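Open the structure in your viewer and keep the selection tool at hand. The stops below can be taken in order.

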Amino acid sequence: MYNYIGGFEKWSELNDDCKRHVIGYLNYWTRCNLSLCSKKDNELVKNAVLFASKENGIRWKQDLGFEKQSIETLELRYDRIELCTTSGFSRSWQFFAKREKCRIVSKSCLENVYSCSNVRTIPRENVEKEFWNIVKSVLSKGKDELRELVVHAKWNPKNDIPGNLSAIKELNLEYKSEEECRFWLNRLDPKCALNTFTMVCDNSHYHPVTFEHILHPAVLNAKCVQIDAWVHISDEQFLQLNATKIRMSCLSISSDAFLEFLKRWVYGEMDSDFSHLVVYTNEKNNKREIQNKISQRFRSRRYDYLNYLHPEVQFIHCFHRFRPEGIYCEVEKRDDPLCIVSVLITNRHLVIMRTGFARSGRLGIEYKYPML
């Protein structure tokens, strides 16, 4: 600074560029103290962009090439928008509404490399419009690269949001209405199956979500389907699911549909990567009837589930996260007796899990409880 401007006596004599340069040499606590001196200093400190340098410590940096980075994850929460890029850069907008005003705090950071934040205020009646303007701007840039989308937003989306999100592989929705659900599903590519589809809804079995509302090829062919909401689904719709991991709550599933699903695994008609099916039902299941049909149609062995009478006690203990009054049996694959699924039927659960595998280099079965 001395070489360029001949030094200075008063901080107020420096222009903003020089002040930013000096701030770049300050440590964290000195910056905090400076930010308390005046509103102008507070703005300069908050808007100073930081990055780490082994040679020069902390410095101010103007350009990190954010515009060239690909957006990978976007989360739309009730009062927050957050995105992450493929390089780990994150940016967020937090909305704080109070009385007639709303403060929007935007932050950008790359861990141990970069940090920046600023605040602006808008009228409260413009909050919803501003929220979706930011979303529209982000999606306009990242719609072709976005891989994960989380939608738990407070307001209904606007129709001018980009219409094609073909690269989405992970979709997490909070169900509020049929219109909003279809709005986001219709922006998926029906030819590209999702890796994971998650839907949550704080509803009761008296007001179930109709599965028709989420009936989309990208969902039916998803690898993992998790529906944490009460759903009204027909047997035909249930059997259209091709996921290897399914967890859902539904009013009822007929024993015929459940046995058909099991039959497809026994006869090798489903994906060999199948992991688990966990269905929570509202109506009481007929445990004896289902177990009798399994023993008649498939090669199966029943174990005393309640008293842990199984070769692998620690393994069978894992199933006690479900109701303890269940009937437990193991079913062999038609062409491979060492390939086993565990079937658990309780009053409110229908469970099929891929658990038995041939031991590597040894005889017998190795049991593994899948990650739910």
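Predicted model: local features only at pLDDT ≥ 70, side-chain atom pairs only at ≥ 80, totals over all residues.

**Stop one: two helices**

Select residues 16–23, helix α2, together with residues 39–47, helix α4. Their axes are 10 Å apart and the packing angle is about 60°. An angle of 65 to 115 degrees would count as roughly perpendicular, so α2 and α4 are classed as oblique to each other. The crossing of α2 over α4 is right-handed. Now show the side chains at the contact: Asp16, Lys19, Arg20 and Ile23 from α2, and Lys40, Asp41, Leu44 and Val45 from α4. Five of these contact residues are charged, three are nonpolar and none is polar.

**Stop two: salt bridges**

The model has 14 salt bridges. Select Arg80 and Glu82, whose side chains form one of them, with 3.1 Å from N to O. Arg80 has a relative accessible area of 26% and is partly exposed; Glu82, at 23%, is also partly exposed.

Next, go to helix α9, residues 255–266, where Glu260 and Arg264 sit four residues apart, about one turn of the helix. Their closest N and O atoms are 3.4 Å apart, in a salt bridge. Glu260 is partly exposed at 25%, and Arg264 is partly exposed at 23%.

Helix α10, residues 287–297, holds Glu289 and Lys293, again with a spacing of four residues. The salt bridge between them has its closest N and O atoms 3.1 Å apart. Glu289 is partly exposed, with 34% relative accessibility.

**Last stop: a network**

Select Arg299, Arg301, Glu330 and Glu332, which are joined in a network of salt bridges.

Technical notes. Residues numbered from 1 in each chain as written. Heavy atoms only, no water. Axes fitted to C-alpha atoms, helices over the stretch in contact; angles between N-to-C directions. Parallel < 35°, antiparallel > 145°, perpendicular 65-115°, else oblique. Left-handed = near helix turned anticlockwise from the far one by under 90°. Contact = heavy atoms within 4.5 Å. Nonpolar A, V, L, I, M, F, W, Y, C, P; charged D, E, K, R; others polar. Salt bridge = Lys/Arg side-chain N within 4 Å of Asp/Glu carboxyl O. Buried < 20%, exposed > 50% of the residue type's maximum accessible area, 1.4 Å probe, protein only.
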